[in-house]
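Please have the viewer open as you read.

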Amino acid sequence: SECLGGSCKKGVEDNVIAEKLIGEDFENVENNAVEPVHHRAAPSQSRHHVSSISRTYQTSALRRWKPAPTVMPVGKRPGEHGKPVHIPSEKEAEMKEKFKLNQFNLLASDMISLNRSLSDVRLEGCKYKKYPTLLPTTSIVIVFHNEAWSTLLRTVWSVINRSPRPLLKEIILVDDASERDHLGRKLEEYVKTLPVRVFVLRTEKRSGLIRARLLGAKHVTGQVITFLDAHCECTEGWLEPLLARIVQDRKTVVCPIIDVISDETFEYITASDMTWGGFNWKLNFRWYRVPQREMDRRGGDRTAPLRTPTMAGGLFSIDKDYFYELGSYDEGMDIWGGENLEMSFRVWMCGGQLEIATCSHVGHVFRKSTPYSFPGGTSRIVNHNNRRLAEVWLDQWKEFYYNINPGARNVEVGDVKARRDLREKLQCKNFRWYLENVYPESQMPLEYFYLGDIRNVASRNCLDTMGRKSGENLGMTYCHNLGGNQVFAYTKRQQIMSDDNCLDASNKRGPVKLVRCHGMGGNQAWVYDEQDKTIKHVNTGSCLQKPDPHDVNLPLLRPCNFDESQQWIMDSDFKW
Ligand code: LR7
Ligand code: MN
């Protein structure tokens with residue numbers, strides 16, 4: 001299936017930033033090209049890279065830590081410094097064949113060193129930051145199903161190479177019933193040779209990433225659990241900012257900035273620090289632009305930790321005891337999906353906080369589709385997981401999810417009593433509190449008058465998005481009473497919205513378009529008059545009107561005439 005959950009970085013448009021931050025440090029790295037990436041190995045080489053934390057290690061019991069020079073000399077191997085790998089044309093067939101195995105360019109990945117160098121992508125201000133002298137230890141938990149050798153081991157090596165050794169308790173690999181030979185004995189033998197304690201656990205049968213992570217977490221001996229996907233690369237200084245936040249407040253769950261490793265070239269592309277996590281009515285995780293309000297709270301300091309409404313889910317650190325206090329994960333969730341929003345809501349609503357440490361960068365291979373099977377069907381599983389989170393955490397706002405995704409109502413949800421009891425036991429705040437205090441910019445509106453279809457009195461047809469995207473025209477067709485593309489919310493902020501799009505008109509004679517909601521009124525402000533049954537566009541004073549016969553799917557914007565063609569019914573109990 002395509003870009004599951006809409007989480008793919010590339011699948012995001014508009015208010016999501018594609019800007020790249022590589023630059024400042026690039027020259028510097030080129031000059032030092034033959035040096036290991038480990039500036040800490042030789043703190044004297046450049047004042048630039050001597051952080052207070054590395055000095056702390058020199059003066060404490062941690063001084064025995066001496067990172068090995070693990071980075072291959074540059075110039076010999078492809079992909080060094082995170083550069084893209086180009087496949088010669090004679091190997092294109094092989095490349096295409098191998099792509100299918102993991103839905104990324106495996107041939108390219110296999111050409112790159114497991115220790116490849118990356119440039120230091122951090123904001124300049126991050127490099128001089130002082131972190132607490134004593135940081136907790138962490139265990140890294142990496143779950144995988146049929147992961148490729150080179151991506152898995154490059155993840156492991158990047159952790160080993162770029163984590164201060166005294167902070168790294170162990171790396172726990174959880175094999176979720178993979179069917180690839182290289183993940184059997186060969187993996188077990190290989191990890192024994194590594195300079196850090198690394199061990200492999202195996203689920204008895206395919207469990208899905210949620211239960212696989214729970215298995216891994218059980219074996220953690222460090223104070224902090226750090227989860228990573230199996231196709232990541234950690235960059236210089238990635239770990240300290242995560243652990244430092246947990247020292248300051250153990251109820252903080254911290255994510256790095258998730259950079260993009262290209263699925264086609266394995267180029268390392270720095271992501272924006274101006275992006276945070278949100279979600280849409282379908283309960284897909286989405287990236288959105290950080291609002292000014294959060295920039296102001298941080299005093300405009302882009303290196304300060306960013307409070308985020310939700311997290312992508314794969315890469316984060318959490319205090320181990322807090323992980324369990326907070327109810328770890330919902331064991332009723334299968335394979336993939338939902339657990340990231342579930343944990344995000346739970347953290348915020350139950351007294352914790354969720355942050356992105358903008359000084360911590362970890363790359364992740366974003367794929368356009370999933371390479372592995374979803375036993376029982378992708379949508380059945382994702383809807384099952386999403387229902388579980390909606391039923392426990394969303395209160396009345398779960399109706400947005402069910403209305404836009406009516407099929408979900410028929411998917412089995414299982415028993416959620418234990419999770420509801422958890423919410424009770426932890427005395428968590430409600431979803432209204434979350435929307436008011438954590439995520440006022442949410443696509444699920446805090447205050448709304450109406451949620452349902454919008455019917456024209458004259459034609460008896462309904463407004464319909466026709467599944468169109470932002471920037472395209474609003475449509476109209478016969479009312480099917482099923483929700484989906486015919487569900488709209490009329491909000492207190494005078495928006496008429498469908499998922500994260502709003503009805504928008506910039507001309508007094510239309511057309512009426514679907515445009516990403518901006519929450520600022522303007523072209524997106526409409527007033528429904530319950531008496532006249534008109535939907536009036538505030539800026540132009542025009543009224544929404546049923547389509548002309550020659551173009552039956554295109555609703556119009558015309559001078560108000562109080563005719564039936566301009567009368568609309570917003571009443572979810574109403575049926576013709
Ligand atoms: O049955 C499975 N068993 C597994 O062990 C299915 C998957 N897995 C493993 C898999 O091998 C991988 O290591 O679980 C990990 C995540 O699966 P991916 O990489 O196929 O999924 P993804 O990167 O699209 O997943 C994102 O959303 C998931 C929702 O359940 C998880 O939270 C992932 O951890 C999450 N990944 C990230 O947050 C990285 C950034 C992506 C974004 C946005
Ligand atoms: Mn992933």
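In which strand is I318 found? I looked it up: I318 is in strand β11, residues 316-319. Helices (H or I, at least four residues) and strands (E, at least two) are DSSP runs for me, numbered from the N terminus.

**Ground rules.** I am working with a predicted model, where local features need pLDDT of at least 70, side-chain atom pairs count only at pLDDT 80 or more, and totals for chains, interfaces and linings use all residues. Residues are numbered from 1 along each chain as its sequence is written, and chains are lettered from A and ligands numbered from 1 in the order in which they are written.

**I318, continued.** Is I318 buried or exposed? I318 is buried because 27 other C-beta atoms lie within 10 Å. My cut-offs: buried takes 20 or more other C-beta atoms within 10 Å of a residue's own, exposed 12 or fewer, and partly exposed falls in between, with C-beta atoms placed from the backbone. Leaving out residues up to four places away in sequence, I found I318 touching V224, I225, V253 and F323. A contact here is two C-beta atoms, placed from the backbone, within 7 Å. I also checked I318 against F227: they are 91 residues apart in sequence, and 8.6 Å separate their C-alpha atoms.

**Whole chain.** I counted 16 helices and 25 strands. Of the 576 residues, 47% are buried. Among contacts with a separation of 6 or more, 76% join residues 24 or more positions apart.

**Core.** Which residues touch the most other members of the largest nonpolar core? V141 and I142 do, in a core of 132 residues. Such a core is a set of buried Ala, Val, Leu, Ile, Met, Phe, Trp, Tyr and Cys residues joined through C-beta atoms within 7 Å. I listed the contacts of V141, again beyond four places in sequence: I172, V174, R213, G216, A217, V220, I225 and F227.

**Helices.** I went to α8 (residues 208-218) next, and 8 of its 11 residues are buried, so I noted this helix as mostly covered. The buried ones are G208, L209, I210, R211, A212, R213, G216 and A217. Their cover includes β1 (138-144), β2, β3 (198-202), β4 (224-228), α11 (320-325) and α12 (339-349). Helix α6 (residues 149-162) is mostly covered too, with 13 of its 14 residues buried. From first C-alpha to last, α6 reaches 20 Å, close to the 20 Å expected at 1.5 Å a residue; the expected span is 1.5 Å times one less than the number of residues.

**A loop glycine.** G184 sits in the loop between β2 (168-175) and α7 (185-192). I have G184 as partly exposed because 14 other C-beta atoms lie within 10 Å. From G184 to V413, 229 residues along the chain, I get 34 Å between C-alpha atoms.

UniProt, in an unreviewed entry, lists residues 448-571 as "domain: Ricin B lectin"; positions use the numbering here, feature names are shortened, and annotations may be inferred rather than shown by experiment. I found this span to be 0% helix and 37% strand, with its end C-alpha atoms 13 Å apart.

**A sheet.** I traced an open sheet of 5 strands, ordered β13-β17-β18-β19-β20, with antiparallel pairing. Its edge strands, β13 (448-452) and β20 (513-516), each pair on one side only. Pairing needs at least two DSSP bridges between strands. Strands β18 (residues 496-498) and β19 (residues 501-504) run antiparallel and are joined by 2 bridges. There, M497 stands opposite C502 in β19.
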